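Subject: A structure for you to look through

Hi there,

Here is the structure I promised to pass on to you. Please open it next to this email and follow along as you read.

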Amino acid sequence: MTFGIEAVGYYIPSLYLEIKDLAEKRGIEPAKLEKGLGLHRMGFPDVHEDAATFAAEALLKLIKDYQINPEDIARIYLGTESALDAAKPTASYAMQMVEKVLEEEFGERCFKNCDVVDMTFACVGAVDALHNSLDFVRVNPDKKAIVIASDYAKYELSSPGEYTQGGGAVALLVSSEPNLLEIENFWGVATESVFDFFKPRRYYQKEELTTAPETYPDKIEIFTDEPVFDGQYSNQCYQDRIREAYSHYKEITGKDKPYKDWKYLIFHLPYAFHGKRVFTEIFSLENGLSYRTPEEQKVVAKSEDYLQFINEKIEKSQRASSEIGNMYTASIFMALLSALQTSFNDGEELTGEKIGFLGYGSGSKSKVFAGAVSKNWKNVVSKWNLFENLNERTAIDFESYEKLHRKQLKESVNPDYSGFGLESVETDNPVLNGARYYNYK
Ligand SMILES: CC(=O)SCCNC(=O)CCNC(=O)[C@H](O)C(C)(C)COP(=O)(O)OP(=O)(O)OC[C@H]1O[C@@H](n2cnc3c(N)ncnc32)[C@H](O)[C@@H]1OP(=O)(O)O
């Protein structure tokens, strides 16, 4: 019996900013962002969008595109690091939104007996949800699970993370009918607790908060959606963890140079070129190349062999990322969609091809695993139209981007949007303070 991904839905935020507009306004050479990091456009949520609406959109698309009966879904596990609440899972909001839309067809509370939860470990949380859900279907082969990766990657204005923002969601149907990808049960894992990127409770003095009521204590703890991070250190942690997890994967599979068998290498992509920039170390180790000094590292990165390797095994997975930016937990799955959609559009045959995954979450953990493309893959991919959908988004100018970022806009940029949207957040009701209400139109 085989297990893996049966079907996939996704959602991309409805707005985008041209990266060259950001570069110009921040005094950064556009070529650094475009040619150095592979960034072209940055997906950005409208006023009514958040990690819950992204997740609900991807879930509904998955259910509709593949005509899934929601009552057949035993669990919905959502990987996110953009949780809207520290107790009530974002998955519960997404589930409720979708339940409402499906009410007419399936009756009230069609997910009543569904196990719903969030999983958090920075960008690797949805890989954890996938790993866990695969274990679940292996034990219960007659059951199906849905894994959703949903995030809004937001950094402080003018910070070095600003040009690596983005967002969106990917929803995977996980089952014993893996029409898209059969996933092996070998998981290379590497974990080390570090502070490369994190979202702690931050402490503020009351006088720093202009709106703090008198009754608040003098020092206030607040969660913000913008991380504390050290960019170059996070790159180093990513590189170290994937090297360790890859080595663990080799140990448990007994495979020599497994990357050579992979048609595509699918990375967590905080920006489009990240995977190809950090894999140089493993490539050097596997091929006996010297990799100690920055000069030696540059020689490997620019070598004919490495460039050919990138072109064959990584480049197609970068294309969607260049258009969207960082999707945190969803980035690795969007990289998969990008590669498969491109192969599909090019008329390539992938049945039986092996695909390797290198996931990373700050804080920090990497998981390395692999799968094989199923014979029905084209039926699954034919529903996506990924690159057409990316071209349907609305461009925003730099001023609107800054206002959206600062939460200064009251009305949506697209007030006539169709789909899920945040309608209101309770502010005056003491027993419901902070409760969020969504609509569908
Ligand atoms: C969240 C996670 O996933 S952890 C791992 C990644 N970390 C993050 O995403 C944290 C948030 N982001 C950041 O901190 C930053 O945006 C980073 C770390 C991703 C990038 O940092 P920067 O200092 O802006 O870029 P960096 O100097 O590393 O790389 C710039 C690249 O552009 C190239 N470049 C610079 N100028 C130009 C130019 N004019 N033309 C072409 N290329 C250029 C550089 O050569 C370099 O590429 P190379 O090393 O392949 O040669």
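Predicted model: local features only at pLDDT ≥ 70, side-chain atom pairs only at ≥ 80, totals over all residues.

**Around the ligand**

Which residues come closest to the ligand? Of the 23 residues that surround the ligand, the closest are Lys-32, Pro-160, Tyr-163, Ser-234 and Arg-277. In the side chain of Tyr-163, an N or O atom is 2.4 Å from an oxygen atom of the ligand. Pro-160 takes part through its backbone, where a polar atom is 2.7 Å from an oxygen atom of the ligand. Ser-234 has a polar side-chain atom 2.8 Å from a nitrogen atom of the ligand.

How much of the ligand does the protein cover? On its own the ligand has 1,000 Å² of accessible area, and the protein covers 75% of that. Helix H2 (30–36) and helix H6 (231–253) are the elements that give two or more residues to the shell around the ligand. Sorted by class, this shell holds nine nonpolar, nine polar and five charged residues.

**Strands side by side**

Next, have a look at strand E14 (residues 262–267), where five of the six residues are buried. E14 runs parallel to strand E15 (residues 354–361), and five bridges join the two. To find this pairing on your screen, look for Trp-262, which stands opposite Lys-354 in E15.

Strand E2 (residues 15–18) has two pairings to trace. With strand E3 (residues 41–44) it runs antiparallel, joined by four bridges, and here Leu-17 has Met-42 as its bridge partner. With strand E17 (residues 394–395), E2 pairs in the parallel sense over two bridges, and Leu-15 stands opposite Thr-394.

**Salt bridges**

Side chains of opposite charge can pair when their charged atoms come close. The count of salt bridges in this model comes to 27. Let me walk you through a few.

Lys-199 forms a salt bridge with Glu-81, and their closest N and O atoms are 2.9 Å apart. Lys-199 sits in the loop between strand E10 (197–198) and strand E11 (201–205), while Glu-81 sits in the loop between strand E4 (73–79) and helix H4 (90–106), so the pair ties together parts that are 118 residues apart in sequence. Glu-81 is buried, with a relative accessible area of 10%.

Asp-128 and Lys-367 form another salt bridge, with 2.7 Å between the closest N and O atoms. Because Asp-128 belongs to helix H5 (residues 125–139) and Lys-367 to strand E16 (residues 365–373), this pair ties together parts that are 239 residues apart in sequence. Are these two residues buried or exposed? Asp-128 is buried at a relative accessible area of 11%, and Lys-367 is buried at 8%.

Now go back to helix H6, where Arg-241 and Glu-244 are three residues apart, separated by about one helical turn. They form a salt bridge too, and the closest N and O atoms are 3.0 Å apart. Arg-241 counts as buried at 2% relative accessibility, whereas Glu-244 counts as partly exposed at 32%.

Enjoy exploring, and write back with any questions!

Best wishes

How values were computed: Residues numbered from 1 in each chain as written. Heavy atoms only, no water. Near = heavy atom within 4 Å. Polar contact = N/O pair within 3.5 Å; in protein donor to acceptor, adjacent residues only side chain to side chain. Areas by Shrake-Rupley, 256 points an atom, 1.4 Å probe, with all protein chains shown as cover. Nonpolar A, V, L, I, M, F, W, Y, C, P; charged D, E, K, R; others polar. Buried < 20%, exposed > 50% of the residue type's maximum accessible area, 1.4 Å probe, protein only. Pairing = 2+ DSSP bridges. Salt bridge = Lys/Arg side-chain N within 4 Å of Asp/Glu carboxyl O.
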